[in-house]
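Please look over the sequence and the model shown here before reading on.

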Amino acid sequence: MPDTSVPAPLAGLRVIELGQLIAGPFCAQLLGDFGAEIIKVEAPDAPDPARGWGAAKKDGQSLFWPIIARNKKSLTLNLRTTEGQAILKQLVETADVLVENFRPGTLERWGLGPDVLHALNPRLVIARISGYGQTGPESAKAGYASVGEAKGGLRYMIGEPDRLPARAGVSLGDTMTGTFAALGTMMALFSRERTGKGQVVDAAIYESVMAFIESIIPEYALAGHTRERTGPILPRVAPSGVYSCADGMVIIGANQDTLFRRLAEMIGADWADDSRYATHDARGDNQIELDEKIAAWTGERTVADVLKQCQTNGVPCGPVNTARDMLEDAHIKAREAIIRVAHPMLGEVPMQGVFPKLSDTPGRVDHAGPVLGADTTSILSSLGVDASEQARLRDKGVI
């Protein structure tokens with residue numbers, strides 16, 4: 001477990017999170033994992049919908065919220081009111097970072113645009129997350145992760161070639177963008193150490209997705225090639241795919257010549273000297289039949305047997321894990337890649353740990369996502385808002 005006596009790398013950094021759902025909150029989650037103080041601002045009458053999200057619930061409780069809001073404080077504040085805006089301005093004066101993922105122009109309509117915020121706090125870093133970015137002809141459009149994944153070229157390549165494009169079972173576009181926003185925030189903070197000035201980080205979903213699409217743009221522009229959907233394989237990279245076993249599935253990656261020879265010897269086949277498979281290009285030409293032969297071998301064995309044989313012979317291989325598999329995985333346990341965090345209603349909640357792991361100043365999870373408004377009183381009190389004024393603001397629906 002992380003040594004709690006060692007200060008986390010971002011300890012002392014105050015972040016205001018105005019985000020909802022995934023992209024903005026994921027950015028703040030990453031910063032909070034490494035010690036930043038995260039003050040999550042939600043409207044008292046319209047909290048973050050992520051509080052109720054998730055494919056399954058336990059005792060009526062979201063199983064997503066404890067993760068996406070971990071390590072965060074909850075402040076209720078109606079930013080559509082002048083009084084709420086005034087309180088946020090006070091808070092901005094004490095902050096290092098503000099994260100938001102509203103549609104571009106929303107902060108400006110509330111009188112909280114970067115010009116106003118930087119006048120209050122020139123050192124503030126403002127991470128702005130949106131579907132299409134803060135500029136350009138489509139900037140004002142509503143943008144969700146699914147749309148950004150399509151615009152950025154990712155969706156076209158996912159799935160089987162004879163079907164409509166598929167999607168991953170999680171919101172990749174959101175988490176990709178949240179990651180880039182966190183990276184941009186850290187670069188802006190590093191720059192601030194030299195210049196003394198904050199700046200705006202403009203993270204667009206479709207552009208974050210584009211960063212992951214490798215060379216498909218020059219492949220088309222310079223070679224006339226369009227990558228198509230290819231299901232579980234990469235064309236002409238063989239063997240490197242999913243293979244069924246008697247009780248599950250494995251991934252085997254043995255497309256390099258030396259690795260392929262090891263695989264062939266392990267299986268007891270003379271493929272390495274067969275002209276159809278002896279070279280990378282030859283295996284690419286005969287990918288389908290080669291995969292069928294490997295699948296025939298794995299299909300007669302259990303996942304455990306295939307994994308053991310591959311490990312013994314130095315062939316890269318791994319299981320296709322479900323959540324249940326990951327909870328039982330010895331390596332995952334040894335690395336503490338899944339941690340258990342106390343929750344007031346759910347008991348201990350297993351969730352993914354803090355990544356990456358730092359040797360001297362690791363991050364940690366101190367608590368699961370908070371109940372709505374759990375920290376409103378303490379945060380406002382720290383700004384000098386006394387109890388009677390807080391009562392008045394509650395009566396008006398400001399907090």
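Predicted model: local features only at pLDDT ≥ 70, side-chain atom pairs only at ≥ 80, totals over all residues.

Residues are numbered from 1 along each chain as its sequence is written, and side-chain values use heavy atoms, with hydrogens and water left out.

Helix H1 spans residues 23-33; helices (H or I, at least four residues) and strands (E, at least two) are DSSP runs, numbered from the N terminus. Eleven of its eleven residues are buried, so H1 is largely enclosed by the rest of the structure; buried means under 20% relative accessible area, exposed over 50%, and partly exposed in between (1.4 Å probe, protein chains only). After H1 comes Gly 35, with a positive phi near 105°.

A nonpolar core is a set of buried Ala, Val, Leu, Ile, Met, Phe, Trp, Tyr and Cys residues joined through side-chain atoms within 4.5 Å. The largest one has 38 residues, and Val 15 and Leu 31 have the most contacts inside it. H1 gives the most to this core, with six residues. Leaving aside neighbours within four places in sequence, Leu 31 is in contact (heavy atoms within 4.5 Å) with residues including Leu 10, Val 15 and Met 186.

With a disulfide defined as a pair of cysteine sulfur atoms within 2.5 Å, the count comes to zero. Cys 317 is in no disulfide, the nearest cysteine sulfur, that of Cys 310, being 3.9 Å away.

| Cysteine | Relative accessibility and class |
|---|---|
| Cys 27 | 0%, buried |
| Cys 317 | 25%, partly exposed |
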